[in-house]
Amino acid sequence: MPPASAGTSTLTLPPWAILWPPARWPVNLAAQRNPRACTTIKQAHLQQASLEAASRATSPAPLSPPELGGLAFGRPPGGGGARGPPRPGRRRSESSGGPGRRGEEGGAGAGRRRGRGAGPECPQLAASEPPGGHVPAMALRLVADFDLRKDVLPWLRAHHAGAGDGADVLENYESLRVLNVERNGNIIYTYKDYKGNVFFGLYDCRTGQNEHLYTFEKDLQVISGSVNSERTLLAASFVQSTKEGRRNELQPGSKCLTLLVEIHPVNNVKVLKAVDSCVWVQFLYPHVENRPLPENHLLLISEERYIEQFHIQVAHEDGNRVVIKNSGHLPKDKIAEDFVWAQWDMSEQRLYYIDLKKSKSILKCIQFYANENFNLMFEAPLDISLSDSGFKLVNFGYDYHQDQEKLSKHLTLCVFTNHTGSLCVCYSPTFDSWDQITYSVFYFHKGHSKTFMPALGSPGSPVTTGITFLNLDYYVAVYLPGHFFHLLNIQHPDMACHSLFLTGNDEVVDMLPRSPLHCLSGSLVLDWCSGKLYRVHLNQSYLLQFLWNTSQDCEKMAALHCLLSCGRDLRSLEGKIIQWISETVPACHSFDLIQEFIIASSYWSIYPETSNMDRLLPYSSVLTWNTEIPGITLVTEEIALPLMRVHSFKGYWEKLNSNLEYVKYAKPHLRYNNSVVRREWQNLTAEEKTGKRRSVAYVRNILDNAVRVISNLEARNLEPRLIPLLQEEDDHQRLLMGLMVSELRDHLLRHLQGVEKKKIEQMVLDYISKLLDLMCRILDTSWKKHNLNSCILHFNRRGSAAESAVFHVMTRILEATNSLFLPLPPGFHTLHTILGVRCLPLHSLLHYIDNGVLLLTETAVTRLMKDLDDTEKNEKLKFSIIVRLPPCIGQKICRLWDHPVSSNIISRGHVTRLLQNYKKQPWNSTIDKSSFSIEFLPLNYFIEILTDLESSNKDLYACEGHDNVDAEFVEEAALKHTMMLLGL
């Protein structure tokens with residue numbers, strides 16, 4: 001839908017109002033009005049308002065959700081979400097995050113609800129919104145990979161029934177809980193049966209099958225557990241149960257037991273530790289595949305603040321029986337000591353920990369390798385205080401006996417990485433009231449940190465939950481259930497407008513689980529309390545709805561980049577965004593929306609090719625952002641970079657080191673821009689006007705580049721285009737296109753080390769093709785929306801309101817590309833001019849031409865001269881067009897128009913060429929009057945001079961003979977023009 005006009009007032013709702021029911025709004029809320037500005041376009045567009053309004057009145061209705069490829073904003077009738085296709089070999093479900101039905105789609109957000117005054121209403125949202133209700137906002141989509149109740153409990157019932165146990169497992173259901181998630185995705189769980197025996201089981205994520213690992217026939221409280229990749233060894237740690245103050249008699253002198261069990265088949269049990277402090281265990285997985293290894297490696301993490309690695313060799317006896325070799329003395333290494341915090345990354349097999357040196361927090365990372373080695377990779381100082389924080393572990397299991405109220409007040413700290421070489425440390429200190437809430441993100445790969453202070457709640461009110469951080473690849477989600485939700489762009493954190501901040505209210509039912517989610521690795525998160533394992537994704541449907549409804553520029557910018565970074569079916573997603581743009585052409589006062597969409601989408605289409613693209617290609621059309629983000633303040637500080645402790649890098653570490661080197665040496669600005677292309681293109685066009693062009697081979701090479709781009713563009717287009725573009729030569733645009741190929745290729749070859757030339761050349765073609773493709777698709781969508789056809793390519797009638805709307809979209813595209821000096825699809829200017837002539841009154845048309853909005857092309861003007869007859873109105877139009885043409889085109893066009901005006905222009909050109917090198921000489925004063933049809937001495941004298949010049953320079957002016965332009969033609973044209981002026 002179109003934006004509101006400049007004189008319209010719309011209701012502006014504060015954040016709490018969009019979440020509370022209308023019945024709870026203050027009485028005076030309706031009086032809070034705020035005028036909206038209209039779309040910012042060139043001043044010449046203002047006169048088109050009436051035509052656009054008529055176009056909207058006659059345009060077809062917006063597409064319904066099914067026509068959008070199945071996208072429905074909000075929940076469909078009945079409340080159920082769409083269920084994705086199952087993964088082969090197992091069930092795949094989606095959960096709302098609470099005790100909801102399996103197979104539902106869950107979401108996370110701030111519960112944000114926008115009023116109708118917040119922006120143009122989304123037709124798809126209105127179509128699916130239930131009467132009297134509202135659609136809950138969900139910025140994240142939680143897809144359940146595992147549910148303890150549904151994937152394990154039925155098997156346990158059957159297992160006990162088959163074993164003849166009379167007790168129902170449900171009687172001890174509260175003891176059933178997830179213990180660990182291994183690198184290969186297998187899930188270790190435990191529970192106590194009615195006898196108090198501790199049962200260990202494994203759920204295979206690939207087959208969906210459960211397996212009984214071991215049962216301890218003692219009443220013990222499990223702390224942690226881990227199984228090796230071959231499922232032959234089980235390590236577990238326990239706290240002994242107490243009854244009436246007496247310790248368990250299993251090991252009277254110790255509080256915590258750490259055991260190593262042979263389970264293939266069940267055999268010996270070895271005590272690794274028997275101490276008074278808690279111990280956590282974790283097997284290393286050098287390979288994801290379950291293949292036999294000669295030696296297993298086990299980490300032991302002690303509450304006494306040290307970490308050891310045990311090396312366990314196994315032997316095969318009696319066929320498949322696996323036993324521990326030399327079990328009396330297992331070699332071990334000391335990995336770390338005197339640390340206060342540690343985090344395990346099970347996917348990448350990395351251990352992060354923090355130790356205190358002179359009250360300074362130093363973050364360290366150890367990488368474990370398949371060859372049994374491990375390295376200390378880096379040390380990084382953290383400007384945070386952990387001296388009074390106690391001891392905390394992340395991703396080593398969950399302490400189910402810890403006081404949840406104390407847990408919510410504990411500091412939150414976690415490390416996130418992704419495949420691009422990013423390294424982020426997310427930290428939230430303890431807080432007791434709303435006015436103390438802060439959280440910080442250390443972007444080590446960018447060399448700075450940001451501390452955020454959300455404005456929430458009333459000072460002094462109690463806080464009952466803690467802040468949660470989730471890793472979403474290019475984003476980090478930060479949320480406080482029911483209060484705020486912040487999507488932080490970690491790939492491009494420099495500008496706050498690329499991150500999305502939403503506020504909510506604690507009385508709104510939040511779509512996230514109320515219990516804390518723990519980010520295991522990548523997008524995998526675990527709700528320890530409910531026993532559900534999720535994969536978390538950005539919710540495209542919600543973000544599209546949000547993009548449609550929001551009225552704030554910073555939120556439009558953030559939502560657009562969030563959508564494009566999702567990476568799932570990018571072409572379909574682009575189509576939905578293009579449809580929104582064509583429906584509304586929404587107003588953005590801080591940036592050009594079409595320009596931002598073209599640049600950002602082209603960037604994300606090529607970014608996966610190499611992680612260095614964010615330094616070499618523009619990802620946004622906005623260079624600076626100084627406007628505050630409503631609801632949050634932030635402070636940016638430079639930080640010390642990590643000190644790398646190794647000198648040979650591969651994979652992630654190579655990319656991280658490259659990012660650090662870039663920040664450390666403050667290399668000059670490397671992002672590509674078209675300034676060089678602009679200068680070269682202007683030089684080439686100037687040379688064309690003077691007739692002095694460079695070598696033919698140079699120009700031919702540039703034009704060949706353009707041919708390759710257009711061929712690449714046509715190859716990626718699966719459907720025929722509706723709009724008549726790419727069918728015209730348009731040498732100027734082809735020159736610009738070819739120059740951009742040449743300059744961008746040289747730019748990437750200079751700065752992309754280790755990438756072969758052929759791949760870079762293809763990346764360049766894909767990038768420029770993408771730019772042009774997006775422009776064509778925007779026009780195609782607008783063309784289809786207004787049901788236009790090829791008849792508009794003629795000048796024999798006035799344009800309709802629908803054509804005026806398409807003309808307006810083309811002008812917006814031209815405006816977006818001009819400042820960045822991007823090439824346009826060949827034929828764009830011709831079509832734009834045709835629509836301009838059909839839709840604009842003459843004075844506006846000339847104003848557009850004189851201000852460079854409309855560029856006259858030979859194809860368009862030729863068609864105009866042929867299509868229009870010589871009525872008084874058309875003669876005025878033709879003459880106004882001809883006098884504004886470049887001389888090289890004007891001479892050609894005049895020969896197509898049999899009219900005194902064109903004859904006069906042709907004659908003037910002919911005379912100018914004849915007299916360029918004329919030197920005055922004495923002439924015979926006697927003129928043969930019989931050779932002239934009219935006796936008019938000045939004209940007779942002038943014609944005789946021209947005749948003499950023509951006869952003396954026949955070779956020079958032989959090229960003029962094909963159109964019969966000579967002195968006689970000049971004489972006839974002069975007489976006709978004089979008679980026309982005199983009215984004879």
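Tutor: Let's start with a definition: two strands pair if DSSP finds at least two bridges between them. Strands (E, at least two residues) and helices (H or I, at least four) are DSSP runs, numbered from the N terminus. This is a predicted model, in which local features need pLDDT of at least 70 and side-chain atom pairs count only at pLDDT 80 or more, while totals for chains, interfaces and linings use all residues. Residues are numbered from 1 along each chain as its sequence is written, and side-chain values use heavy atoms, leaving out hydrogens and water.

Student: How many helices and strands are in the protein chain?

Tutor: The protein chain has 24 helices and 35 strands. Of its 984 residues, 55% count as buried, where buried means under 20% relative accessible area, exposed over 50% and partly exposed in between, with a 1.4 Å probe and protein chains only.

Student: How do I read a sheet, and what is the order of the strands in the open sheet with S9?

Tutor: Strands of a sheet pair through backbone hydrogen bonds, either parallel or antiparallel. Here, 4 strands form an open sheet in the order S9-S10-S11-S12, with antiparallel pairing. S9 and strand S12 (266–275) are at the edges with a single partner strand each, so one side of each has no neighbour in the sheet. On average, neighbouring strands are turned by 20 degrees against each other, direction ignored. For such angles, axes are lines fitted to C-alpha atoms (for helices, over the stretch in contact), and angles run from 0 to 180 degrees between N-to-C directions.

Student: Which strands pair with S10?

Tutor: Strand S9 (residues 220–227) is joined to S10 by 7 bridges in the antiparallel sense, and Gly225 stands opposite Ala236 in S10. These two strands form a hairpin with 5 residues between them, and Arg231 in the turn has a positive phi of about 60 degrees. S10 also pairs with strand S11 (residues 256–263), antiparallel over 7 bridges; there, Leu234 has Val261 in S11 as its bridge partner.

Student: Is S10 mostly covered or uncovered?

Tutor: Strand S10 (residues 233–240) is mostly covered, with 7 of its 8 residues buried.

Student: Now for helices: at what angle do the axes of H14 and H15 cross?

Tutor: Two packed helices are described by the angle between their axes and the distance between the axes. The axes of helix H14 (residues 731–751) and helix H15 (residues 757–785) come within 9 Å and cross at roughly 135 degrees. That makes H14 oblique to H15; angles under 35 degrees count as roughly parallel, over 145 as roughly antiparallel, 65 to 115 as roughly perpendicular and the rest as oblique.

Student: Which residues meet there?

Tutor: A contact means heavy atoms within 4.5 Å. Among the residues in contact are Met740, Leu744 and Leu748 in H14, and Ile760, Val764 and Leu771 in H15.
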